[in-house]
Amino acid sequence: MLFLVAALLLFGAVLGTVAHAPLTFTAVAAAVIAGWLGIFALRERHARRHGSTH
């Protein structure tokens with residue numbers, strides 16, 4: 001339960017920060033994060049298919 005409260009507080013702080021940032025900055029940051037997550041997902045999929053053990 002404490003984890004949930006901390007997560008919601010952090011989520012609120014992040015959304016509050018984004019609300020005051022310019023729209024272009026928010027869009028660029030979202031694109032960078034989405035790209036990073038996409039690359040991570042592709043690398044994970046590739047590693048699972050080829051049985052890589054890092």
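Is Arg-48 buried or exposed? In this predicted model, Arg-48 has a relative accessible area of 68% and is therefore exposed, the cut-off for that class being over 50%.

The overall fold was examined next. The protein contains two helices and zero strands. Its radius of gyration is 16 Å, whereas the globule rule gives 10 Å for 54 residues; the value is well over that figure, so the protein is more spread out than a compact globule. Along the principal axes, the C-alpha atoms occupy a box of roughly 45 × 35 × 15 Å. Buried residues account for 0% of the 54 residues. The accessible surface amounts to about 5,200 Å², and carbon and sulfur atoms contribute 75% of this area.

Helix α1 spans residues 2-20 and includes Leu-9. Leu-9 is exposed, with a relative accessibility of 61%.

Helix α2 covers residues 23-50. From its first C-alpha to its last, this helix of 28 residues reaches 41 Å, which is close to the 40 Å expected at 1.5 Å a residue. The number of buried residues among the 28 of α2 is zero, so the helix lies largely in the open. Just after α2, Gly-51 adopts a positive phi of about 65 degrees.

Charged contacts were then considered. Side chains of opposite charge can pair when their charged atoms come close. One salt bridge was found in a search of the whole structure. The partners are Arg-48 and Glu-44, with 4.0 Å between the closest N and O atoms. Both residues lie in α2 and are four residues apart, or about one turn of the helix. An α-helix has 3.6 residues a turn, so residues three or four places apart point the same way. The two partners fall into separate accessibility classes: Glu-44, at 31% relative accessibility, counts as partly exposed, while Arg-48, at 68%, is exposed. The residue that opened this section is thus an exposed one, and its salt-bridge partner is Glu-44.

Technical notes
Residues numbered from 1 in each chain as written. Predicted model: local features only at pLDDT ≥ 70, side-chain atom pairs only at ≥ 80, totals over all residues. Heavy atoms only, no water. Rg over C-alpha atoms; globule rule 2.2 N^0.38 Å. Buried < 20%, exposed > 50% of the residue type's maximum accessible area, 1.4 Å probe, protein only. Areas by Shrake-Rupley, 256 points an atom, 1.4 Å probe, with all protein chains shown as cover. Salt bridge = Lys/Arg side-chain N within 4 Å of Asp/Glu carboxyl O. Expected span 1.5 Å × (residues − 1).
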